[in-house]
Amino acid sequence: MSNDAILDQAELSLNNGDIAAAERVLTQQWPDPSRAPGDVQHVMAMVRLAQGRGGEAERLIRAAISAEPNSLRHHIRLGHILTELGNHSSAVEAYSNAARIDPKWPGVFVVLSQAFYALERFNDAERAARQAVANAPTAGAFEALSNALRAQGKAQDALNAADEALRHDWQDPNAQHARAAALMQLNRPQDALTIFDELRSRGIDLPILQMNRGAALEALGRKDDARAVYEEA
């Protein structure tokens, strides 16, 4: 079996949730990942992250970058791993390096905007999101822009950006949530609650959604309902 076929098999196992199989097929060919090619270290980093071994995942992907410093996918993966680990400052660095390699790569400025947002660097998040929109006006790009604008109190602009996101994908739950959050900032809690409830009816039940539902209920004077939602969240 060729190296490419082995990597494809490992990634397929990962995508199917069989982490042990992915690790097994890689270690059979490369018992010492530190001596493996960059692409192998990349996939093994994904395996380690899926195993909850984030530190090892970071070390492996950094080794892949050292071996292949101009590989866009390695820098992107590093950013994803660092985001999972909550190291948003280093994720900004990783995504910025990726953007320097290929500023037109779809989505690179979206994830960069999200990393800036996590650091509460909202002006930078807006700037990155606007570049994402300029590169490719997708639902994800406009949703990132909406979030950055809302964080700066630009509620109407945030609503407009969320509406643009929904024009590109009217079922995108993140864009719908961004629209509802902007409506809350515009003191339209009933409209926001309608969206929150619709998202929940679709099986989307994240803590942030519940907290925002609670805020909408509270704004409508339904304090007992809000308290129950907060407790559930």
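**Charged pairs and the nonpolar interior**

Asp 224 and Arg 227 stand three residues apart in helix H14, which means that about one helical turn separates them; helices here are DSSP runs (H or I, at least four residues), numbered from the N terminus. The model is a predicted one, in which local features need pLDDT of at least 70 and side-chain atom pairs count only at pLDDT 80 or more, while totals for chains, interfaces and linings use all residues. Residues are numbered from 1 along each chain as its sequence is written, and side-chain values use heavy atoms, with hydrogens and water left out.

The side chains of Asp 224 and Arg 227 meet in a salt bridge, at 2.9 Å from N to O, the term meaning a side-chain nitrogen of Lys or Arg within 4 Å of a carboxyl oxygen of Asp or Glu. Asp 224 counts as exposed because its relative accessibility is 57%, whereas Arg 227, at 45%, is partly exposed; buried means under 20% relative accessible area, exposed over 50%, and partly exposed in between, with a 1.4 Å probe and protein chains only.

The structure holds 19 salt bridges. One of them joins Asp 39 and Arg 73, at 3.2 Å from N to O, and this pair links distant parts of the chain, since Asp 39 lies in helix H3 (residues 38–50) and Arg 73 in helix H5, 34 residues apart. Asp 39 is partly exposed at 32% relative accessibility, and Arg 73 is partly exposed at 36%. Another salt bridge is formed by Arg 200 and Glu 232, whose closest N and O atoms are 2.9 Å apart. Arg 200 lies in helix H12 (residues 189–201) and Glu 232 in helix H14 (residues 223–232), so the pair ties together parts that are 32 residues apart in sequence.

Helix H5 (residues 72–84) also contains His 75, which counts as buried because its relative accessibility is 8%. Leaving aside neighbours within four places in sequence, His 75 is in contact (heavy atoms within 4.5 Å) with Ile 65, Pro 69, Ala 94, Asn 97, Ala 98 and Ile 101.

In soluble globular proteins, nonpolar side chains tend to be buried together. The largest nonpolar core in this model has 69 residues, and those with the most contacts inside it are Leu 26, Tyr 95, Phe 109, Leu 112 and Leu 145; such a core is a set of buried Ala, Val, Leu, Ile, Met, Phe, Trp, Tyr and Cys residues joined through side-chain atoms within 4.5 Å. Leu 112, with neighbours within four places in sequence left aside, is in contact with Val 92, Tyr 95, Ser 96 and Ala 128.

Technical notes
Helices (H or I, at least four residues) and strands (E, at least two) are DSSP runs, numbered from the N terminus.
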